[in-house]
Amino acid sequence: GVFCNLDLETLQTLAPQDIASAVGVQGQIFTIVNDDSYYYPDLIRGWVVDAEMGMGQDIAIYTGSTTGESRSNEICSSY
């Protein structure tokens, strides 16, 4: 997880905003449609932001796990 191998003394010095400002996970949802007007030629370059098409405009933020339920501060992710 995000805090694997972080000692308690250091963790206790961090304010919630310190953590929120330093840790982020980005994802993008793809809906497959059979309509050429939604064709976007280059998704390999990352996040699609296109105000005219309404892409990358409605951003949701939540506090949650970055590694899923199978990892914790005791069982670290290898990534």
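Leucine 6 has a relative accessible area of 32% and is therefore partly exposed, a class that lies between buried (under 20% relative accessible area) and exposed (over 50%), with a 1.4 Å probe and protein chains only. Leucine 6 sits in the segment before α1, the helix of residues 8–11.

The model is predicted, so local features need pLDDT of at least 70 and side-chain atom pairs count only at pLDDT 80 or more, while totals for chains, interfaces and linings use all residues. Residues are numbered from 1 along each chain as its sequence is written, and side-chain values use heavy atoms, with hydrogens and water left out.

The protein chain contains two helices and zero strands; these are DSSP runs numbered from the N terminus, with helices (H or I) of at least four residues and strands (E) of at least two. Of the 79 residues in the chain, 4% are buried. Among contacts with a separation of 6 or more, 32% join residues 24 or more positions apart.

Aspartate 50 lies in the segment after α2. With 21% relative accessibility, aspartate 50 is classed as partly exposed. Apart from neighbours within four places in sequence, aspartate 50 contacts Tyr40, Met55 and Gln57.

Tyr40 also belongs to a nonpolar surface patch with Phe30, Ile32 and Leu43, which together have about 440 Å² of accessible area. Areas come from the Shrake-Rupley method with a 1.4 Å probe, and for residues only the protein chains shown count as cover. Isoleucine 32 is in the segment after α2 (16–22), and its relative accessible area of 78% makes it exposed.

Conventions
Patches are made of residues with over 30% relative accessible area and no salt bridge: like charges are joined within 9 Å, nonpolar side chains (Val, Leu, Ile, Met, Phe, Trp, Tyr) within 5 Å. A salt bridge is a side-chain nitrogen of Lys or Arg within 4 Å of a carboxyl oxygen of Asp or Glu. Contact means heavy atoms within 4.5 Å.
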